[in-house]
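This report describes a single protein chain.

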Amino acid sequence: MKTTVGYTGGDEKFKNPTYSQVCSGTTGFAEACRVEYDPALVGYTELIEYRSTIFTHSLEQAQIAHKVTEEVQDKYFSPRGLKIITAIVNAGTWYDAEPYHQQKYLELNPDHGSTHNALYW
């Protein structure tokens, strides 16, 4: 398994956006973590975690993401009167973040995590 921090989901007219451009809110790109995995060792269902956006690479992944989101909604959120707000979208083009952004980013920037309240299971 391999992970890389980068940007995806934005306007394709912005090629290889920088962190500053993504943070400006003008590109439509979101910071993301790309997970490369061997489906023979771990299934896509096991990789999905609640975040603001799930980026998919196929119709099968989109269907799984919707199914898992619905199951989690019914089991954990609906009983509390809450609604999952996670968007499920096609991944689009991936751009690796700058090298400094790859090294322990959340450890170095603990306040740059999620900006909304989340319920984790």
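The side chains of glutamate 71 and lysine 67 form a salt bridge with an N to O distance of 3.2 Å; the term denotes a side-chain nitrogen of Lys or Arg within 4 Å of a carboxyl oxygen of Asp or Glu. Both glutamate 71 and lysine 67 belong to helix H3, where they are four residues apart, about one turn of the helix. Glutamate 71 is partly exposed, at 42% relative accessibility. Buried here means under 20% relative accessible area, exposed over 50%, and partly exposed in between, with a 1.4 Å probe and protein chains only.

The model is predicted: local features need pLDDT of at least 70, side-chain atom pairs count only at pLDDT 80 or more, and totals for chains, interfaces and linings use all residues. Residues are numbered from 1 along each chain as its sequence is written, and side-chain values use heavy atoms, with hydrogens and water left out.

## The faces of helix H3

Helix H3 comprises 19 residues, 59-77. At 1.5 Å a residue it should span 27 Å, and the 25 Å between its end C-alpha atoms agrees with this; the expected span is 1.5 Å times one less than the number of residues. Helices (H or I, at least four residues) and strands (E, at least two) are DSSP runs, numbered from the N terminus.

The buried residues of H3 are Gln61, Ala62, Ala65, Val68, Thr69, Val72, Gln73 and Phe77. Viewed down the helix axis, these buried residues fall within an arc of 140°, so they line one face of H3; the arc is that of the directions from the helix axis to the C-beta atoms. Their cover includes helix H2 (44-47), strand S3 (53-56) and strand S4 (87-90). On the face turned away from the buried side, H3 carries the exposed residues Leu59, Glu60, Glu70, Asp74 and Lys75.

## The network around arginine 34

The structure holds three salt bridges. Side chains of opposite charge can pair when their charged atoms come close. Arg34, Glu36 and Asp96 are linked in a network of such bridges. Arginine 34 pairs with glutamate 36, with the closest N and O atoms 3.7 Å apart, and with aspartate 96, where the corresponding distance is 3.2 Å. The pair of aspartate 96 and arginine 34 links distant parts of the chain, strand S5 (residues 95-96) and strand S2, across 62 residues.

## Threonine 27

Threonine 27 lies in the loop between helix H1 (19-24) and strand S2 (30-36), and is buried at 1% relative accessibility. Its side chain reaches the backbone nitrogen of phenylalanine 29 at 3.1 Å. Leaving aside residues up to four places away in sequence, threonine 27 touches Gly10, Asp11, Phe14, Gln21 and Val22, a contact being heavy atoms within 4.5 Å.

## The overall fold

The protein has five helices and five strands, which follow the pattern β-α-β-α-β-α-β-β-α-α along the sequence. Of the contacts with a separation of 6 or more, 65% are between residues 24 or more positions apart.

Buried residues make up 31% of the 121 residues. The protein exposes about 8300 Å², of which carbon and sulfur atoms supply 52%; accessible areas come from the Shrake-Rupley method with a 1.4 Å probe, and for residues only the protein chains shown count as cover.

Key
Polar contact = N/O pair within 3.5 Å; in protein donor to acceptor, adjacent residues only side chain to side chain.
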